[in-house]
Amino acid sequence: MNQEENREAVTKMSMQFLAEAIGQCPAGLEKSTDRDIVFAVAGFQYGAVQSAAYLAGLDAQAAAEIASEVLGRINGMHQDVVENILSLMPVLLRKEYPPIGIGGRAIIGFYNSSTAEEKLSAADSLREILRQIDEA
């Protein structure tokens, strides 16, 4: 596979996984104004895309471009909003912000699952993050 095919595969894989993960969450998530929820969801999504891109052998620039496209499409956000959120992700990554790591592990678990139940469990990890935020 060449770089362009890898980028397309990562984009498709990320969109499929994140659509499944968001489908496990409360309705109206994409319209939330709660910063904790917005950053948790974006961090989870960012981590998933970064992990998929890394496994496909893509560089940081390609991963960032895919993350920008995927987050905008999956959340229905304007590109400037996506870019503002993504500009904070490297700082959150250095601080080991948990949703980023959880998203990265969840997408791998999702695609390595052999049963529908295992896939559902991996996709459900975003809902678990949101439940913990609600309880805090």
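Author: Buried means under 20% relative accessible area, exposed means over 50%, and partly exposed lies in between, with a 1.4 Å probe and protein chains only. This is a predicted model, in which local features need pLDDT of at least 70 and side-chain atom pairs count only at pLDDT 80 or more, while totals for chains, interfaces and linings use all residues. Residues are numbered from 1 along each chain as its sequence is written, and side-chain values use heavy atoms, with hydrogens and water left out.

Reader: Why is Phe-110 called buried?

Author: Phe-110 has a relative accessible area of 9%, and the cut-off is under 20%, so Phe-110 counts as buried.

Reader: What makes the pair of Phe-110 and Tyr-111 edge-to-face?

Author: Rings of Phe, Tyr and Trp (its six-membered ring) pair if their centres lie within 6.5 Å, and planes under 30 degrees apart count as stacked, over 60 as edge-to-face and the rest as tilted. The search of the whole structure finds 3 aromatic pairs; in that of Phe-110 and Tyr-111 the centres are 4.9 Å apart and the planes stand at 75 degrees, so the pair is edge-to-face. Ring pairs also link Phe-17, Phe-44, Phe-110 and Tyr-111 into a cluster.

Reader: How do you know that Tyr-111 is partly exposed?

Author: Tyr-111 has 29% relative accessibility, which falls between the limits for buried and exposed, so Tyr-111 counts as partly exposed.

Reader: Why is Ser-113 counted as buried?

Author: Ser-113 has 13% relative accessibility, so this residue counts as buried, and its side chain reaches the backbone oxygen of Gly-109 at 2.5 Å.

Conventions. A polar contact is a pair of N or O atoms within 3.5 Å; within protein, one must be able to donate a hydrogen and the other to accept it, and residues adjacent in sequence count only if both atoms are side-chain atoms.
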